[in-house]
Amino acid sequence: MKGPRASLVVGVDVGGTFTDVFFLDEAARRFEIAKVPSTRGDQARGFIDGLKGGARLADIATVVHGTTVGTNALLERKGALTGVITTRGFRDVLEMRRRDRPTTWGLWGQFVPIVPRDLRLEVGERTLADGTVLEPVNPEEVREAARLLLAHGAEAVSIIFINAYANGANEEAALAALADVWPNPHVSVSSRILPEIREYERASTASLNAYLQPVVANYLHRLQTRLREGGFGGEVLIVQSNGGVMSVETAGRLPVRTALSGPAAGVIACGHIARAAGHPNVITCDMGGTSFDVSLIAGGESVLAAQTSIGFGMIVRTPMIEITTIGAGGGSIAWIDRGGLLQIGPESAGSDPGPVCYGLGNTRPTVTDANVVLGRINAARPIGGKLAALDVETAREAIRLHVAEPLGLGIEAAAEAVIRVANSRMAGAIRLVSIERGHNPRDFVAMPFGGGGALHTGALIKEVGLKSALVPRFPGVTSALGCVIADMRHDFVRTVNRLLDQLDVAALDDEMGALAAEGERLLGQAGVGFEGTVAGFELDMSYLGQTHTVAVPLDAAPGLTGLGLTRDGIRAAFEAAYRRAFGRLLDGVAMRVLNMRVAVTGRRPKFDLTLLAPRADASLQAAAKGSRPVFVDGAWHEARVFARLELPIGAIVQGPAVLEQPDSTIFLDPDLRGEVDRFGNFIVSRKEGP
Amino acid sequence: MTDPILLAVLKGRLEQVADEMDATLFRSAFNPIIAEAHDASHGLYHAETGATLVQGKSGLPIFVGAMSFAVRAVIEKARRDGDLADGDVYIFNDPYDGGTHLSDFKLVRPFFREGRVFCHLASVGHWHDVGGNVPGNYNPVATESFQEGMLIPPVKLFRRGELNTDIVDILKANSRLPLSLYGDLNGQINALDLGARRLAQLLDEFGDDTVRAAMAELQRRAAMLMRANIAELPKGRYLAEDFLDNDGIDDTPLRIALDLVIEKDRLILDFSRSSPACLGPVNIARSTAIASCYVAIKHIFRDVPANAGVLEPIEFVIPETSLLSVRAPRPVGGYTETILRVIDVVFQAFAQASPERVNGCAYGTINALSLAGHRGSGQRWVMFSFFGGGHGGHPEGDGLNHGNAPISTATIPPLEILEAAYPVRFTQWALRPDSGGPGRHRGGLGAIYEIALLEQSADVFLFGERGRFAPPGVASGGPALPNVFTYETDAGPRHPPMASKMVGIRLRQGQRVRLETPGGGGYGPAREREPERVAEDVRLGYVTREAAERDYGVRLDADGRVDEAATARMRKAVAA
């Protein structure tokens, strides 16, 4: 029921502290940004407040939402009371994991499964590895188990049978029986969620999905109801961990796909902004209070990971943007170990109590404290607007006591040491995703988003040898912007587990084609306009005997005669992928196809990023805000200070300099320079060249 | 080296080189023992002494101590031969000269700068099959190492960058799984190539002298850190002993005994009271014994780094007659069992000195189980895996259920992968009630694995331990349940006469084997556990009602609630 005037597209990213909103009215070449406090407990309230601050709900055509409701429920273990119905003899699969432990050193780990043991019930049934049903499931036994779970108060249930990836018939039969007694739609069937071999990963993903279903579905329902009540008549889309969006209906059914919704949107935005600016190769850097997250985009495409672990033992296996996290954020604590070595993190003061300079009770120095002491952060005008000012003196004292004295350094030198070690850890994370994966860092630009990253990216490009850094015009709302840009995407996986020589290639072609058609059908149902759709086809393959697989992209496209797959084509694709990954091929060893993967993407229209550019009347003079002393390379320098948003296109700034804007601070080392491009991005590079 | 900041930076960079070597091998290895169980390791070692400079974080913990001995063996060999050249890579698996057992193949690559050895890069990985009498090489009845597999002394796999394919052919000809061996060997070569590239880049960036000085300084600081840890411990002499069931040949318990002496700034670990060398394969080389002590110490003092400096303030007393210090050809194939017991006695001794730092013993056996046979097509199959058990209760809480062994970070293959690859069907994969040692903090639970054979016949081999001596608790915590192995025969279920070691049982189609693994030992007196938590354990089926009464002195009513009066009576009766 779109009103005739409804033309706004709005991206909403609900984070832990702030809800960021990006309003786009492309027809009118107008955008707006809003930042409102997140409302914990009921995210929908802050969400609606944020929307109403910028527009009439009736004028909004599409809301795209990056949500942390699912993420938080996982991290804080606040999902629904969930039951499991599983094969007799196997109820402990979820608790036994893959027989791991949380840390290599020290044997004090613990693990509490999200489904307690007495809510994991067994029924007689068995399917063999080749898909043969050895023992059919008894519907009455399933109904009995379901009644017992309900009597225990379970709000969601997952059906997880051994070898269901090979044949889901028993799970389907159990689902049909369960439907007779289960009072709500919160049911996750393992072969529907993840029809892939490996029982623990499938069981974990399916049960976590059930665990999230009531939480996420209820939240989205509340949200939609309030939007409709406010006159909204458009579509709501939810960002998935893979960086694509899905409908509210799909999100309610597959909430586990929202585990990394927020960060994924940020990476998508970075990819788009950098590509428009002529940089297809990007390493995104998101520095938060406790962690530093990096992600790699090569040739305009995000790297996807097959799974992630939310804390110890909670595996979510669904394609997601690969984000590598290390414990080095603004709140990470600097300390001296008993061998006399300076260490950063993993302990963190987070955002509450936060760094010493917040004055909220923490007394141990953090990375942010070091930045304050060195003059890189403006203590009089902290970003985010939560605090009026930062306490430099207390931060200095903390650095003196905990770092400077033990190391025999001056306070500034000690603070700079903290930054240097923190930078070196962040550089390690960047090397991990770039050099270690065979990419040349000189081909990549670093792109900081979130509040803190831009203080460090200058140093990082020098340390890792990156081409340059690109600071987007509005680093603090990158994820909200990414929501507006994200495509719609559906992923499918099926286990094949055949030798290439014995593979029925025609059948594979048919099945992958059918999955692509199913994806297109889902896209068609979403009520969203697309510029076009593309399908990607991939196999997980290995040499016979290996247990790890490599992702093998297939050069295939749906056509009149299927996808056009051939055995030789698949072999060649595998060898190319294997050579990229490991260098040398193995002669005379058979190849195996473990899984097939199909991704169908509906391209949503992209808006013209020059919309974000500085106004034509901006000038360097107006942007210049004097100078302040900044400590770098062992000495105080007088650094020029600029209001970043007031810099005109083409403006060139020589380091040392500090660029301030409401949600971020950029620091330029003396040997760096920066330039504003035509989109308003600030490009940082070495004065000398790389 | 005086710049502590550069030192912190270089420490991270060097560790990253080793970590990346680990990751490369894990991803490209053929056999699941490396790829999934991470039974491999990489590091950088001192040019002259072989001392560990840096080791990867994700490799097998036991190698952190053992690899320096392997590198030293190569250094000595090169010194004798006097023909070391840039591009040489040595390969060997001699367990007496470099630790562990024959399955572990070590590749050592001297890394040259300006014509001189700067340091050594090394890679070790557990190969799937290296010959010998038993597929997978866990031969519980070996009396000489010749029955455990081929033994390769340090020889040059590469001469000046040129691969000696003759050696590859010899290795392949001596394995039941030559393809797997070939794949793993290539993975290790790749890892060393990569390490050499990365290290060269690092040296070009920072300068050889700076990096060399940093390596020396990191050693010095590791020793300093270890001394700081020792200084906090109460001085004294602490005795602990534990037992192996038997050596697989002679059914007599073997004592592993430790006298731990804590002085002001050093430790003495004296194993003199341990049993002499035995006939069967549970002997270990001295280097292996030291490596396992290192693992135990690093579990207790988590902040000490993975370099040789940690061992500086520690003196080892291990008589040459002991089963912890044997030479060729004494069999050592079951070294995992012995080093787990060494680790257990180190925990037990430190628990007396400083109970707030130590956990109850973990399940204490690798349980190497293999089923092998031929398919209808005639093709040979070998399913070989290690199985898990419970971790000990500890000062902060209950032990982890179903963890991996303290010497390893191995994960277990998914049963669906095993069923897809081999003619077996699991009939149970579950936690084992009551298997965790009672304690204020209960030991974690062991597991039950039950496997039925789908093919006509198969031979079963098991190399386990803790069948007669259960994992003990510490700080008055109780012991876990011991290991129990059961196999079906036409005449009914049977247990191995040697408790947890068994060779060549013939299983027929439809018959099953069942492995019930130990939990971990408890921490603190069981009667101090809150009755509510015992009731919760009973509700969840971790502990039975009988055990709640017997071990914890907690009685529950018909609804599973704590019977306060009866519980108080029972607990008082014991206290009296």
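## A strand covered on both faces

Let's start with strand β33 of chain A, residues 664–668, in this predicted model. Both of its faces are covered. On one side sit S664(A), I666(A) and L668(A), on the other T665(A) and F667(A), and all of them are buried. In a regular strand, side chains alternate between the two faces of the sheet. With five of its five residues buried, β33(A) is largely enclosed by the rest of the structure.

Next, its partner. Strand β32(A), residues 657–661, pairs with β33(A) in the antiparallel sense, over five bridges. One of the pairs to look for is Q661(A), whose bridge partner in β33(A) is S664(A). A hairpin of two residues joins β32(A) to β33(A).

## A buried alanine in chain A

Now find A623(A), which belongs to helix α17 of chain A, residues 620–623. A623(A) counts as buried because it has 20 C-beta neighbours inside 10 Å. Leaving out residues up to four places away in sequence, it touches A618(A), F642(A), A643(A), E646(A) and L647(A). V641(A) is 18 residues from A623(A) along the chain, and their C-alpha atoms are 8.6 Å apart.

## Two helices crossing in chain B

Over in chain B, have a look at helix α5 (residues 165–173) and helix α6 (residues 178–206). Their axes come within 8 Å and cross at roughly 140°, which makes α5(B) oblique to α6(B). The crossing is right-handed.

Who makes the contact? From α5(B) come V168(B), L171(B) and K172(B), and from α6(B) come P178(B), L181(B), Y182(B) and L185(B). Sorted by class, that's six nonpolar residues, no polar ones and one charged.

Key:
Residues numbered from 1 in each chain as written. Chains lettered and ligands numbered in written order. Predicted model: local features only at pLDDT ≥ 70, side-chain atom pairs only at ≥ 80, totals over all residues. Axes fitted to C-alpha atoms, helices over the stretch in contact; angles between N-to-C directions. Helix = DSSP H or I, 4+ residues; strand = E, 2+ residues; numbered from the N terminus. Parallel < 35°, antiparallel > 145°, perpendicular 65-115°, else oblique. Left-handed = near helix turned anticlockwise from the far one by under 90°. Contact = placed C-beta atoms within 7 Å. Nonpolar A, V, L, I, M, F, W, Y, C, P; charged D, E, K, R; others polar. Buried ≥ 20, exposed ≤ 12 C-beta atoms within 10 Å, placed from the backbone. Pairing = 2+ DSSP bridges.
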